[in-house]
Amino acid sequence: MCSAVRAVAGFGLVAITACFADAREGMFTPDQLPDIASDLREAGLELDPDNLAELTEFPMAAVVSLGGCSASFVSSKGLVITNHHCARGSVQFHSRAERNYLEDGFLAESMADELPARPGSRVFVTVGVEDVTEQVSGGLDPDLPPRERFQVMEDRRKALMKACEADEGHRCRVSAFFGGLEYKLVKSLEIRDVRLVYAPADAIGRYGGDIDNWRWPRHTGDFAFYRAYVSPEGEPADHAPDNVPYESEHYLPVSAAGLDDGDFVMAIGYPGGTSRYARHVTVENRFEREYPRFVARSREGIAVIEAAAPEGSDLRIRYTGQLAGINNGMKNIEGQLEGARRQRLVERRAQRDAALDAWIAADEKNAPLADAIRDYDALARESADVSRRYYHYNAARSSQLLDIARRLYRLAREQQKPDAEREPGYQERDLRWFRQRLSRLDRGYHASVDKALWMYGLRGYLAEPAENHVAAFDRAMGLGDDTDEAAVSSILDGYYEETVLEDADTRLALMDAPLREIEAHDDPFLRLAVAVYEPDRQREEESKTRSGRGDLLRPQYMQAIIDWQRSQGHAAYPDANGTLRVTYGTVLGGSPMDGLIYEPFTRLEGILEKDSGVAPFNAPVELLERARAKDFGTYRLASIGSVPVNFLTDLDSTGGNSGSATLNASGELVGLLFDGTLESVVSDWDFNPRTTRTIHVDTRYMLWVMEKIDDADWLIDEMTVVP
């Protein structure tokens, strides 16, 4: 399969054409799709591949980002479908012990009953992508000091985004491709009034819970609905009673016929990040040091939260999202560790680096490039050393209130500068999001749980040698060599007893407080934030210097990778970076290891076999009764004799793809991508066509639940359902 990939030759971008090793590897940018049109057609696509490059046409314009998850319009009235776990934060935000939408599910009876999504929720509709490589990195002297290089490039990116956002109601960002060989300005319509329409109960939407997470077979109804609202004039606006549903010109028809084994399928979404070009030094550090430590810490953190927030309490509801996130991340990393072991990832990455280095060394003219790659490896080692040194210090600040205090103090400092000179996250463009983050704290925080987590972080920090401590932090908190756990607990009690940051109005008012007021404030969290600002800023400066070095070295390494792979008849594709991508393949089971067989579909009856009546295997009684009665309605798949619940494909995906529209050959929605198998997750680093499988919830199961269990007929009627 051949595709054009842009690469740097001297100071210009040129097109190179080479052949991809496997049609199912790669998360393609929309502009690449016309170059692989023949392969898409051969795989089964019936749409015109050229149209897939048009971001404002069907189906691309129907696919949106939620800023961490993907989603799609499924009606002209701004109805958005995504994963249950992507909307669960909004369900949790409105849940209380006496009104638990997590347990009972939520369905608005009409548009008037739709609830505001949790503060900060957004629907981003990509409307344009522009190559801005020359504006970001062009004309820079290779001898420019690294810190200055970092600042020049950051200032250029900020200027580009500011100019782009002069178009009211849009959000823009500059994204790096191929390690900084190429930069693109992505412009998105930012819809700020997002409302929760429907989410099935956890017993459907999160069926199997953390036990089944990253596992096959799955029986999870991982779907939910939002709606996007705008002003009466059709412009993005904050939540208001007179706002109206966004009129989405393009939306996806929903298939009730679905797919069968071997059918063509593609997913469109916003994958977060992959690291397939990382050097051995990075891979070794991540898999032999950082990841094992992450798993151990996650397991201990879960235990801390579960002990401090008992099952069935309002505290558990408040922290359910954080628990789910930690569990999800931990199982992902456990799968990556196991996959790396099975595939000998660290060893094979060393072999790949050695082969590349030998190819470079074969030509004397490449001596400067060889030096640059050695410096790039040295930079990775240095960064890993710094990360290890300050790992426990970062954990020692793991209080939500301390994080808020540090952000408020930093905001007061940044507001002393002209807007263009402020740090990203503290510019005028960021303040609405900043305010909404402060507003939603209450439904995900409690002092007792926050203290327990902070105590846990401090415990590890106090066990560290003195050279890994930050003196200003220790002085401000009154920590010494002889400070025992009881003393630490007493110190923390004082913080929570004296703080004013638990009050939402106070937090919001402090956003506008002058610097001198913050620095003179009696709140203990603010005093601590002031005390650690200078040492933290020094670390930040050192990090920016390292980033500036990377901005020079990383593109040279990526150019070497592209040239080397081209010499072998292959082409590099850009790592995922949160921008719109397309991946395609087929509905396909698999055998990730000897004796283990994965069928491509799971059936409704599988819920009966798993169900124990105890969470997370506690499907609603009516669902179980209808499954036993084989009440399949019109959603039965003949080849399996049942309603398909979830299905497998060989699509290339990663985090951020959650909620991605899964389409058939004619562009109809047949599912939502929501997970991968445990054997697949290491593909973030090393794609393996045998083991990589992606899990989707089938639209036939979604429609079956909506019709038979939750009486969501009005939403079915709103969508265009294809029989």
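A disulfide is a pair of cysteine sulfur atoms within 2.5 Å. The structure examined here is a predicted model, in which local features need pLDDT of at least 70, side-chain atom pairs count only at pLDDT 80 or more, and totals for chains, interfaces and linings use all residues. Residues are numbered from 1 along each chain as its sequence is written, and side-chain values use heavy atoms, with hydrogens and water left out.

**Exercise 1.** Determine how many disulfides the whole structure holds, and describe the link of C69 and C86.

*Solution.* 
1. In one of them, the sulfur atoms of C69 and C86 lie 2.1 Å apart.
2. The angle about the S-S bond is -80°, and this link of C69 and C86 is left-handed.
3. Distant parts of the chain are joined by the pair, 17 residues apart: C69 belongs to the loop between β3 (63–65) and β4 (70–73), and C86 to helix α2 (residues 84–93). Helices (H or I, at least four residues) and strands (E, at least two) are DSSP runs, numbered from the N terminus.
4. C69 and C86 are both buried; this term means under 20% relative accessible area, while exposed means over 50% and partly exposed in between (1.4 Å probe, protein chains only).

**Exercise 2.** State why the disulfide of C164 and C172 is assigned its handedness.

*Solution.* 
1. C164 and C172 form a disulfide with sulfur atoms 2.0 Å apart.
2. The torsion about their S-S bond is about -65°, so the disulfide of C164 and C172 is left-handed.
3. Both cysteines, C164 and C172, are buried.

**Exercise 3.** Identify the buried residues of helix α14 (residues 431–439).

*Solution.* The buried residues of α14 are L431, F434, Q436 and L438.
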